[in-house]
Amino acid sequence: MDFKFTEEQDFFRAAVRDAVDRLIRPRVQEIDEADDFPMDLWKQFAELGYLGLRHPEKYGGLDVDVMTAMIFYEELARGSCGFAMTVTMQILMGTYFIARFGSEEIKQRVLAPAVKGEKIGTICFTEDQSGSDLSGTRTTAVKKDGGWVINGRKNWITSGPICDFCTVLATTDPAKGAEALSFFLVEKGAEGFSTGQKIDKLGSHGSVTGELIFDNVWVPRENLLGEGPGSGIKYSTDILNEVRVMTALNACAIADEAMSDARKYALERVAFGKPIGKYQLIRAKFANHWAWYEAARLFAYKAAWMIQEGMDCRDECMLAKMFATEMCMSAVDEASRIYGGNSFAMEYPQQRFFRDARFLLFGGGCHEVLRNALGASYIRKGG
Ligand SMILES: Cc1cc2nc3c(=O)[nH]c(=O)nc-3n(C[C@H](O)[C@H](O)[C@H](O)COP(=O)(O)OP(=O)(O)OC[C@H]3O[C@@H](n4cnc5c(N)ncnc54)[C@H](O)[C@@H]3O)c2cc1C
């Protein structure tokens, strides 16, 4: 066993941290308050090559391995959670199916500009009536004139209101449930494709989220991303492992930011004649957090390593996501208690950590659903 990152990975982490410290941190409050997409920041991250983190050099990408990508996701979430959401969505789900299944022509037209930050991509699973249960997908794709006609509405789509293209999950046979789901590429400008209202969110400000509407949108045959109708769920599982571990490391970063900030407060804030950090009950909060944080982070990197090694690790990725997110919920709660009443004031960062962290409970799968799957798996095969 070797718990060290390579020298290159340490170097890469330092470079990402530097970019986050210089470009994002000074603007975190501004991004949170404005709740607009920071396009200038997006362009700066594109210039640094990060939007092509996992894509081949041929399309302008950095083509780094899974472990290195995870380092990026962790460091990025130390800045603005909303900006991190948009960037990671572009790198992972927003472009994954295009990179894997798109024709060369589609890759040149869509993927290469996405890597440069010139186009913004989305992934569209969720609908008003189906979130966790994708077999309830009502968006349809019907064969017509050598292509497909897409009808339906998607909701809660990260970057939806500003997107240039989207990967849409649709059914080619509503009676067949999950077996008939496939992904289709739809690009801005397609007749019948429009964006709805931006959702006013609790947290993750700086990422813009909203509805997408498909009203008789015709796309050519090659916009079906995958080997024929019905491949959607199978391919989602492959990328979901990576998304879940990314979410776990986002959770570790937010938890660490919240508790590090609370640590400074505990050193300065005086009550009953001494800094509150001298009281045992406050110290216990840091001790508990430390143990849970270390465990969550180790587990997340172990799951990342399993993905990289090509191992069967669906359960480990779900466990890592669930554990790290629950750790993060506890950390932002305890950190805000250390802050006392000031945790409620918008001028301090604790309220933002508290709001931002909530998204982690849903992204990559709600914990009730993950527990269902994990419990069944444990009963079937043991731990
Ligand atoms: C900020 C943000 C950004 C998002 N971005 C995107 C995006 O880019 N693209 C996209 O497609 N979606 C996106 N989503 C949607 C997200 O993926 C869904 O919220 C998530 O899949 C859960 O679906 P739901 O909200 O419909 O909850 P539901 O599936 O309706 O679940 C509601 C509750 O029921 C529970 N539940 C459901 N099934 C079971 C079961 N079998 N057993 C026990 N409990 C169960 C859930 O755990 C949850 O507690 C985003 C959401 C947010 C908040």
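Select helix 8 (residues 232-268) together with helix 11 (residues 350-357) in this predicted model. Their axes come within 10 Å and cross at roughly 160°. Because angles over 145 degrees count as roughly antiparallel, helix 8 is roughly antiparallel to helix 11. The crossing is left-handed. To display the contact, show Ile 254, Glu 257, Ala 258 and Asp 261 on helix 8, and Gln 350, Phe 353, Asp 356 and Ala 357 on helix 11. By class, this contact has four nonpolar, one polar and three charged residues.

Next, select the largest nonpolar core, which holds 110 residues. Which of its members touch the most others? They are Phe 184, Val 186, Val 245, Ile 254, Ala 255 and Ala 300. Helix 8 supplies the largest share of this core, with 15 residues.

Center the view on Val 245. Apart from neighbours within four places in sequence, Val 245 is in contact with Met 70, Ala 300, Ala 303, Ala 304, Ile 307, Cys 317, Ala 320 and Lys 321.

Move on to helix 10 (residues 314-339) and helix 12 (residues 367-381). The axes of this pair come within 10 Å, and the crossing angle is roughly 140°. Helix 10 is therefore oblique to helix 12. The handedness of the crossing is left-handed. On helix 10, select Asp 315, Met 318, Leu 319 and Met 322; on helix 12, select His 367, Leu 370, Ala 373, Leu 374 and Ser 377. These residues make the contact, which by class has six nonpolar, two polar and one charged residues.

The last two stops concern the backbone. Most residues other than glycine have a negative phi.

Select Asp 63, in the loop between helix 3 (39-47) and helix 4 (66-76). Its phi is near 50°, a positive value in a residue other than glycine. Is Asp 63 buried, partly exposed or exposed? Asp 63 counts as partly exposed, because it has 15 C-beta neighbours inside 10 Å.

Finally, select Ser 159, in the loop between strand 3 (147-158) and strand 4 (165-171). Ser 159 is not a glycine, yet its phi is positive, at about 70°. Ser 159 has 23 C-beta neighbours inside 10 Å and therefore counts as buried.

Key: Residues numbered from 1 in each chain as written. Predicted model: local features only at pLDDT ≥ 70, side-chain atom pairs only at ≥ 80, totals over all residues. Core = buried A, V, L, I, M, F, W, Y, C linked by C-beta atoms within 7 Å. Buried ≥ 20, exposed ≤ 12 C-beta atoms within 10 Å, placed from the backbone. Helix = DSSP H or I, 4+ residues; strand = E, 2+ residues; numbered from the N terminus. Contact = placed C-beta atoms within 7 Å. Axes fitted to C-alpha atoms, helices over the stretch in contact; angles between N-to-C directions. Parallel < 35°, antiparallel > 145°, perpendicular 65-115°, else oblique. Left-handed = near helix turned anticlockwise from the far one by under 90°. Nonpolar A, V, L, I, M, F, W, Y, C, P; charged D, E, K, R; others polar.
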